[in-house]
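Subject: Handover of a structure and the findings from it

Dear colleague,

Please find the structure for your records below.

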Amino acid sequence: MGFFDDLTASVSRTAKQVSENAKTMADKNRIKKDITSTENELRNRFCDIGEHFYNENVDNPPAEFAEVFAAIAELKAARAQKQHELELIDGTVMCQNCGASIALGSKFCPQCGATAPAPTPAPSNAQVQPICPFCGQTLAPEAMFCASCGNKLPAPAEQAPVDKSVCPNCGQELAPDAMFCAVCGTKAPGID
C-alpha cells in the first residue's frame, strides 16, 4: 500500500499547490483590476480639476497656460463646426438645454421641452447639398439612392430641373411666393 499512499499524498500536495497558485493568481488579478480602476478614477479627478481650472480662467488665462487655452479654444471651435455640419446633414439642431437632436422646423425639444434654437444657415462658402427629387431630403454628394425614401436617383445629366417648392439647403417645403426658406434662410431656387 505504500505506493498508493505516496501517490495519493503526491496528488494531494499537487492539488493543494495548484489551488494555492490559482488563489494567488486570482488575488493578483483582483488587485491589478483595483489598481486600474483607481488609476482611471484618478485620471477622471485630474480631468475634473483641469476642466474647472480652465472654466475659472478662460477669460484671463495664466501666461504659462495661454498656449493650452488657445489650443482648447481652437478644438472647441472645430468641434462646434463639425457639430453644425452634422446637424445640416441630419436636418437637425442641438438642444441648448439637454443636447438632444431636434428636427428642423420644430419649436420645442422633444426630450426636455425647451424652446428649439433657431437653425443657423450654412456658411456662404459651403456647397449646396443636392436634394432628392422624390422626397426633398438632403443627399450625400455622390449618392446613387436616396437614404430617406430609397428611390434611385437620376444621373446628373438626367436630373429634372430644381424643384422650386423645396429649399435646396434643408429640404423644407417653400411657400409658392417665398424668396427665402423660413427655416434656414437659404435663397429659394430661381431667385436672382
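**Findings**

At a relative accessibility of 42%, L7 counts as partly exposed; here buried means under 20% relative accessible area, exposed means over 50%, and partly exposed lies in between, with a 1.4 Å probe and protein chains only. L7 lies in helix α1. Together with F3, F4 and V11, L7 forms a nonpolar patch on the surface, and the four have about 440 Å² of accessible area together. Patches are made of residues with over 30% relative accessible area and no salt bridge, where like charges are joined within 9 Å and nonpolar side chains (Val, Leu, Ile, Met, Phe, Trp, Tyr) within 5 Å. Accessible areas come from the Shrake-Rupley method with a 1.4 Å probe, and for residues only the protein chains shown count as cover.

Please note that this is a predicted model, in which local features need pLDDT of at least 70 and side-chain atom pairs count only at pLDDT 80 or more, while totals for chains, interfaces and linings use all residues. Residues are numbered from 1 along each chain as its sequence is written, and side-chain values use heavy atoms, with hydrogens and water left out.

**Overall architecture**

The secondary structure of the protein consists of two helices and two strands, and from the N terminus on the order of these elements is α-α-β-β. Helices (H or I, at least four residues) and strands (E, at least two) are DSSP runs, numbered from the N terminus. Of the 192 residues in the protein, 16% are buried. The protein exposes about 14600 Å², and 57% of this area is supplied by carbon and sulfur atoms. Taking contacts between residues at least 6 apart in sequence, 20% join residues at least 24 apart; contact means heavy atoms within 4.5 Å.

**Aromatic residues**

Rings of Phe, Tyr and Trp (its six-membered ring) pair if their centres lie within 6.5 Å; planes under 30 degrees apart count as stacked, over 60 as edge-to-face and the rest as tilted. By this rule there are three aromatic pairs. One of them joins F53 and F65, which are edge-to-face, at 5.3 Å centre to centre and with 70° between the planes. F53 lies in helix α1 (residues 2-57) and F65 in the loop between α1 and α2 (66-90), so this pair ties together parts that are 12 residues apart in sequence. F53 is partly exposed, at 32% relative accessibility, and F65 is also partly exposed, at 33%.

F53 and F69 have ring centres 6.1 Å apart and planes at 80°, so this pair is edge-to-face. Because F53 lies in helix α1 and F69 in helix α2, the pair ties together parts that are 16 residues apart in sequence. F69 is buried, with a relative accessibility of 7%. F53, F65 and F69 belong with Y54 to one aromatic cluster.

Another ring takes part in a contact with a charge: the charged end of K152 sits over the ring of F145, 5.7 Å from its centre. The criterion is that NZ of Lys or CZ of Arg is within 6 Å of the ring centre and within 35 degrees of the ring normal.

**Salt bridges**

A salt bridge is a side-chain nitrogen of Lys or Arg within 4 Å of a carboxyl oxygen of Asp or Glu.

- K23 and D27 form a salt bridge whose closest N and O atoms are 3.1 Å apart. Both residues lie in helix α1, four residues apart, about one turn of the helix. K23 is exposed, at 55% relative accessibility, whereas D27 is partly exposed, at 27%.
- E41 and R45 form a salt bridge with the closest N and O atoms 2.7 Å apart. Being four residues apart in helix α1, the two are separated by about one helical turn. E41 is partly exposed, at 35% relative accessibility.
- E85 and K82 form a salt bridge with 3.7 Å between the closest N and O atoms. Both lie in helix α2, three residues apart, about one turn of the helix. E85 is partly exposed, at 31% relative accessibility, and K82 is exposed, at 53%.

**Strand β1**

T92 lies in strand β1 (residues 92-94) and is buried, with a relative accessible area of 15%. Not counting residues up to four places away in sequence, T92 touches E87, S101, I102, A103 and L104.

Yours sincerely
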